[in-house]
Amino acid sequence: MNASVRGASAYVPDAEADFRPLDIKILRGVWGWMAPYRRGYVITAVAGLVMSGLELVTPRFMQQLVDTDIPGIHFNVFAAVLVKLLGSMGMVKNTALWSRYDIACMNISTTVGVWALTMLGALLIQRQVIWYTTLYGQKVLFGLRAAVFKQLQRLSMNYYDRTRFGRILTRGTGDIDSMSNFIVWGISTLVNNLALMILAAAIMIWLDWRIAVSVLWLGPVLYVVNMYYRRRIGVAWRRTREGWTRVSTNLAENISGMRVVTAFNRQFQNLDVFNDLQAINTANNMRAAFINGIYQPLLGVISFLGRAIIIIMGTWMVFHEPASAGAESFQIGKLIAMYVYWDWFMGPVINFGNFYNDTMMALACAERVQSLLAEQPQVSDRADAIIVPRLRGEVSFHEVTFGYRAEAPVLHDITFHALPGQTISFVGHTGCGKSTIVSLICRFYLPQKGCITFDGHDTRHMQSENLHSFLGIVSQNNYLFTGTIMDNIRYARPQTTAEQVRTALSELGCLEQLQSLPQGLDTQVGERGASLSLGQRQLICFARAFVANPRILLLDEATSAIDTYTELIIQQALARLIKNRTTFIVAHRLSTIVHSDCILVMDQGRIVERGTHTELLRCDGIYSGLYRQFTCA
């Protein structure tokens, strides 16, 4: 392996295993994607064979023009039939008086006419083949993109924790695009070119087996060259795709983190890293080009050698093989036909070289997409998963231990019980496990030990969609989707009317703030809400959760981006938001949790204190220290 590539993989935590040889399983997987349209592929392949058969007649027309038509000694088959037909109609009389020029003109006219009709038929078939082959290929790509998107929706959070954004994005875009040429044209190219090679070789043997044998021995040479090329180019394309993934991943990360990049003046350093990855990618591409640069000229040499053999042997036979009894002499037209059929034989071989480039790239990408589709979610529904029609909102943790890596627990023996309608808050220093508890309640992850229950039902046994229908979450990330403010508020319940949205905003006390924007609730939020302030984004997230009307509400640092004035407005709305809902609050701002029914103080993944605000202040422990620090600040 290239040392630079090997070095690059050392700092890519989610890099794929070193470049493995491609195997038949990948092809089976690609065929599995194409299988629903196999009948259409077969029909277009057969139509392509008919088209190729019609085109293969071309050298025979050329031979007839040179050997029979132009000399004008006698009528060719087409002219004879036409003359007989016209004679029966009284339009042609006494052809014995025709000159050789007249006969030649009739021969050429009929041959060109039949040739034109043959080519017209081939072109009409070609049009249909192009249309339907593209149609079926695009349907496959459509289904594949949908499958990738569905899989990404299905995968658990641990996949997104360990896989970088750019790598995921490449799977669903660049990798599938790189497979398009193979999926659309692969079968047609393979079948038609293989048929052309076989038919061209068979016709050459039929025309003159001696010349055919003198050039077709190059076939095994081509096979050996192709085998060597296939092994080398397969590895090269895998390296190329991996290198490109690293480039696109780095680009995506820098775009997403542009504010941080600018704030810390990292432009030049990041450019150096990006250029290093580009250099590796360029080297990989040049390696593939080097291999291809040897293969393609070698095919040209073999093709030229065959042409030279045909011309030399054919010329000798034209001059030294006069017609004998029962046999025709070797004429110039046959030499031309043999020359053209050799090109017909070599053309598919050269096409296979280009096609093989596309195939190797496609299969390298297919392996990566298949790997994504084969990824099993860490959290999935059991076969006997239950659906709970209603939920009161009772939530319990029973001696729960959890770690993102099983050998490194983040939470240790967490036990608490939340009654329906209660508000439970989590307090503690950063990294103590507060947000992890929220993720476990959402069943983004499963505990390694203990269980979590909703109304006495183990969340492991509940259907995911059913469980999540009872949940609403507002996080510190305040993620918004491209669209209007109205679209984002109605995200969880698209059927919500505009009037219901305005009522919800009015109850939350933030209708005026959002209505004052240039287009009111129809204001475009931009990508990830970039056109709004942090506070406005957070207000929209509150409204989204309020409109969703969940039975269990989770607020994970939900007021972290809100200024003091906005916080005062939301404090009153928060009481309305959590009313009659079981609510879990993770907050550094202790002012948002002083009225909680129970406050759980966490330290290093354990609950070290629990009680109400008043009770914990009386204990003069960790919480009281945090509260004094907060109030003093």
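Me: Which strands does helix α15 lie across, and at what angle does α15 run to β1?

Reply: First, a caution: this is a predicted model. Helix α15, residues 434–441, lies across β1, β2 and β4. Its direction is about 115 degrees to that of β1.

Me: In what order do the strands of the open sheet come?

Reply: Read across the sheet, from strand to strand. Here four strands give the order β2-β1-β4-β5, with antiparallel pairing.

Me: How many bridges link β1 and β4?

Reply: Take one pair and follow its bridges. Between β1 (residues 395–402) and β4 (residues 449–454) there are five, in the antiparallel sense.

Me: Which strands pair with β8 in the parallel sense?

Reply: Check both neighbours. Strand β3 (residues 423–428) is joined to β8 by four bridges, running parallel. Here Phe 426 stands opposite Val 586. Strand β7 (residues 552–556) is also parallel to β8, with five bridges. Leu 553 has Thr 583 of β8 as its bridge partner.

Me: Why is β8 described as largely enclosed?

Reply: Go residue by residue. Five of the five residues in β8 (582–586) are buried, so the rest of the structure largely encloses this strand. Now check each face. Thr 582, Phe 584 and Val 586 are buried on one side, and Thr 583 and Ile 585 are buried on the other.

How values were computed:
Residues numbered from 1 in each chain as written. Predicted model: local features only at pLDDT ≥ 70, side-chain atom pairs only at ≥ 80, totals over all residues. Heavy atoms only, no water. Pairing = 2+ DSSP bridges. Helix = DSSP H or I, 4+ residues; strand = E, 2+ residues; numbered from the N terminus. Contact = heavy atoms within 4.5 Å. Axes fitted to C-alpha atoms, helices over the stretch in contact; angles between N-to-C directions. Buried < 20%, exposed > 50% of the residue type's maximum accessible area, 1.4 Å probe, protein only.
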